[in-house]
Every structure is written in C-alpha cells, then in structure tokens.
Amino acid sequence: MSKRYDYDLIALGELLIDFTPMGRDDAGDVMFARKAGGAPLNLLAACAKFGGRTAFIGKVGADMFGDFLIETVKASGVDASALRVDPVHNTTMAFVQLNENGDRDFTFARRFGADTFLGADEVPDDMIRACRVFHFGSLSFTSPVSADATRRALTVAREAGCMISYDPNFRPPLWESAEQAAAAMRENLTFAKLVKASREEVALVAGTDTTDEGIAAGLKYIHGLGVRLCVVTDGPHPVTVSLDGETAVVTPEPRKCVDTTGAGDIFFGTFLSCLLREDKTLDTLTLADCVRYAAAANHISGLSTLKHGAIASIPEIPADWRIR
C-alpha cells in the first residue's frame with residue numbers, strides 16, 4: 001500500500017463482562033467465571049495475535065469490572081487510548097448459558113451499561129483516519145447515544161477511505177423487536193464493504209428464510225446495498241463466502257466444542273488478518289483468496305471453541321504461521 005497506516009484495524013462498540021458458567025458449587029448452584037467480552041474486542045484480540053496493529057474505541061464503567069477490561073485490552077495487545085471511563089454508568093455485563101453442544105444464550109445487564117453512553121464527541125477522528133480497516137457491530141445502535149457516536153465514526157471512516165467491515169451480531173434481548181433490529185442493520189450495510197453474518201442474520205436483514213435459496217436471495221440483496229464481500233457463518237456447518245456475487249463454500253474441521261463464545265468474532269478477526277497480511281484491497285481480492293482466508297479462520301476459531309471464554313481461548317499464533 002502506498003499510504004502509511006498507524007493502525008491495521010480499529011473497532012468501535014461494546015466492551016463487557018461475560019459471566020461464563022463453570023460448574024456448580026456444593027449447594028448445586030451454578031458458578032460463573034468473569035471473562036472479558038464484547039464482539040469488537042474479541043475480533044481485535046484475534047487480529048493482535050497475528051501481529052496486527054489494533055485499537056479499541058468504547059466505554060466502560062468506573063468500577064472493578066471496567067478496570068479489569070482496560071487491563072485486558074492492553075494485555076491483548078490492543079491500543080486502549082480511545083477507551084473511555086464513565087463515572088456514572090456501570091460496566092455492561094452478560095450472563096452466558098451453554099447447552100450440551102457448547103452453544104450459548106445471553107442474559108444482559110445493560111440498561112444503563114457504560115458502552116451505550118459513548119458520545120459522538122468522544123470519537124477520535126484522527127485515529128480513525130489513520131486506520132486501514134474500521135470495524136463496527138449493530139449493538140451500538142441499540143442506544144441513541146452510542147448510535148450517534150457510531151454514525152460519526154462511520155462518516156469519518158468513509159470519508160478517509162477506510163475499508164469498513166461490519167458484523168450484525170443480532171442479540172434479540174437488546175432490541176425492542178426483530179423488525180427494529182433489521183431496519184438498523186440495513187442502514188449499517190450501506191456503510192459496510194465487508195460483512196460477516198450468520199444465516200439467520202442474512203435472512204433477517206433481507207426478509208428471506210434460511211434455506212439455501214433464501215440465503216442466495218439474501219446475498220443478492222446485501223450486495224445490492226453496496227457490500228462487496230459477505231461471509232456467511234453457520235456454526236459448525238460450512239461457511240459461504242460471496243465476493244461481488246460470486247460464491248464458494250468452505251467446510252470447517254469437525255470439533256467437539258466446549259464453549260463457542262466469541263468463535264464468530266475470532267473467525268472474522270482471523271479472516272481480516274489474512275487480508276491484511278497479504279495487503280489486499282477489495283479490488284485485488286479474489287474468491288480464491290477468500291476461500292483460503294475462510295479455511296484459516298475456520299481452523300483458528302475451531303481451536304478457540306475447545307476452551308472456555310473468548311479472548312482467553314484464542315490460540316497462540318506461531319511467528320512463522322502462513323496462510324495456506
């Protein structure tokens with residue numbers, strides 16, 4: 001690239017505590033372990049494992065959980081200089097429930113969560129202008145305050161010529177209705193050029209179903225909004241990559257999962273890391289590249305499901321690691 005970037009990848013969004021179940025005590029009550037969570041940080045932490053220069057934009061509370069998250073961001077190799085501390089609102093929390101396959105549901109304590117009070121005046125414009133890829137998710141749009149901040153950041157990123165990536169990350173409890181979420185996600189897609197979404201999220205946004213025919217129609221709709229690359233994940237099932245409407249399917253290795261928390265974020269963080277490592281633009285990227293990146297992302301995210309938590313489960317990446 002001819003332009004010099006200070007950051008490879010910057011993400012804005014939620015930062016929270018995942019309380020993950022860790023067995024039962026002598027009385028039979030479920031015990032929870034405190035883990036750092038939030039999709040944007042999970043993605044950044046994965047990219048940092050590959051040597052990426054990353055930064056996080058968000059807000060935590062002035063409490064012990066906020067202190068823990070700040071230290072976790074730094075320990076993950078992610079720049080925390082744009083991480084704000086809110087003296088009024090508490091750090092957001094999510095309680096995770098796992099089924100026998102390691103899949104999870106969430107209960108959120110976020111009504112007055114600090115991440116939803118990131119203001120537009122707290123967005124570091126110059127930092128965003130100095131990044132190659134700017135990433136965001138939909139949860140910032142569940143609050144009018146953080147929604148304004150995210151729109152500001154997206155406007156700055158688009159004007160600066162950043163590649164903008166997006167993960168809808170639909171969490172039903174945080175929206176008034178699926179229709180409200182779908183409307184916000186459609187707005188977000190008009191900013192994004194790279195998207196990672198589940199089959200359910202594609203169907204929700206496009207108003208289709210999750211059959212193969214419905215996903216094909218959904219991808220056509222998403223590309224029609226200006227998205228160049230869409231990666232569709234489906235848990236342990238094959239990933240679909242669609243570049244300008246040309247598609248391919250990538251089958252992951254079978255895994256006996258312990259905890260899938262953060263696996264999708266680690267997948268996309270790995271995918272973007274591959275793109276950055278090979279210095280690709282959306283005009284030089286090929287479908288064959290996307291297939292290789294998705295295979296690598298399947299492998300790394302699959303390894304992460306063998307441990308509890310998200311960031312703590314990201315495997316170490318050897319210095320001589322190569323994309324195959």
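**Notes on the predicted model**

1. The protein chain contains nine helices and 13 strands, where helices (H or I, at least four residues) and strands (E, at least two) are DSSP runs numbered from the N terminus. The model is predicted, so that local features need pLDDT of at least 70 and side-chain atom pairs count only at pLDDT 80 or more, while totals for chains, interfaces and linings use all residues. Residues are numbered from 1 along each chain as its sequence is written, and side-chain values use heavy atoms, with hydrogens and water left out.

2. For 324 residues a compact globule would have a radius of gyration near 20 Å, and the 18 Å of the protein chain agrees with this; the radius is taken over C-alpha atoms, and the globule rule is 2.2 Å times the number of residues to the power 0.38. The C-alpha trace spans about 55 × 45 × 45 Å along its principal axes.

3. Of the 324 residues, 58% count as buried, meaning under 20% relative accessible area with a 1.4 Å probe and protein chains only. Of the contacts (heavy atoms within 4.5 Å) with a separation of 6 or more, 70% are accounted for by residues 24 or more positions apart.

4. A search of the whole structure gives two cavities of 30 Å³ or more, a cavity being a set of points on a 1 Å grid over the protein atoms alone where a 1.4 Å probe fits but cannot get out, with lining residues having an atom within 4 Å of a point. Grid points are joined across faces, edges and corners, and a volume is the space filled by probe spheres set on the points.

5. The largest cavity holds about 50 Å³ of space, and its lining includes Glu14, His135, Asp167 and Asp265. Helix H1 (39-49) and strand S8 (131-137) each supply at least two residues of that lining, which by class has four nonpolar, three polar and three charged residues; Ala, Val, Leu, Ile, Met, Phe, Trp, Tyr, Cys and Pro count as nonpolar, Asp, Glu, Lys and Arg as charged, and the others, Gly among them, as polar.

6. About 40 Å³ lies in the second largest cavity, with Glu14, Lys59, Arg110 and Asp115 among its lining residues. That lining divides into two nonpolar, four polar and four charged residues.

7. Ala153 is found in helix H4 (residues 144-160) and counts as buried because its relative accessibility is 0%. Neighbours within four places in sequence aside, Ala153 is in contact with Leu12, Val123, Ile128 and Phe134.

Note on methods. On a 1 Å grid over the protein atoms alone, a cavity is a set of points where a 1.4 Å probe fits but cannot get out, and a pocket is an open set with protein on both sides within 12 Å along at least five of seven lines; lining residues have an atom within 4 Å of a point. Buried means under 20% relative accessible area, exposed over 50%, partly exposed in between (1.4 Å probe, protein chains only).
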